[in-house]
Amino acid sequence: MIDVERVAREAASRNDVPDLRYEISRIITDELSEELFNTRTTPDKLAFDIAIDLLAGSIPGISTVITAFRGDEKSRKENLSWTTTFFKLQKRIL
């Protein structure tokens, strides 16, 4: 959003609205692409998840607790991401 503000200031000083729309669209697309890239599962994350599942499966009930904890953590991270804020704002505008 800092980049969007900077680009908006620069475009406003030049009265270049079409360029502003393009630049903001490009910035948001780049940020969204980066956010999606960061959510992918890597081999290290997968190996860690498998190890935790194997260990947790040997203790009755602990697997459910760990799954709930991980789900809660993932939900909190998603709710704090800029994309969640972006989508909420978009719904209010439309």
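Biologist: Is R76 buried or exposed?
Modeller: In this predicted model, R76 counts as exposed, at 54% relative accessibility.

Biologist: Which residue does R76 form a salt bridge with?
Modeller: The partner is D72, and the closest N and O atoms are 2.9 Å apart. Both R76 and D72 lie in helix α4, four residues apart, or about one turn of the helix.

Biologist: And how exposed is D72?
Modeller: D72 has a relative accessible area of 36%, which makes D72 partly exposed.

Biologist: What about E73, which side chain does that meet?
Modeller: E73 meets K77 in a salt bridge, at 3.5 Å from N to O. These two also sit in helix α4, with four residues, about one turn, between their positions. E73 is partly exposed at 34%, while K77 counts as exposed at 58%.

Biologist: Switching topic. How many salt bridges are there by this rule?
Modeller: The count comes to five.

Biologist: Where do D53 and R70 lie?
Modeller: Their side chains meet in a salt bridge, 3.4 Å from N to O. D53 lies in helix α3 (residues 43-57) and R70 in helix α4 (residues 62-80), so the pair ties together parts that are 17 residues apart in sequence.

Biologist: Which residues are linked with them in a network?
Modeller: D49 joins D53 and R70 in a network of salt bridges.

Biologist: Why is D53 called partly exposed?
Modeller: Because its relative accessible area is 42%, and partly exposed covers values between under 20% for buried and over 50% for exposed. R70 also counts as partly exposed, at 25% relative accessibility.

Note on methods
Residues numbered from 1 in each chain as written. Predicted model: local features only at pLDDT ≥ 70, side-chain atom pairs only at ≥ 80, totals over all residues. Heavy atoms only, no water. Salt bridge = Lys/Arg side-chain N within 4 Å of Asp/Glu carboxyl O. Buried < 20%, exposed > 50% of the residue type's maximum accessible area, 1.4 Å probe, protein only.
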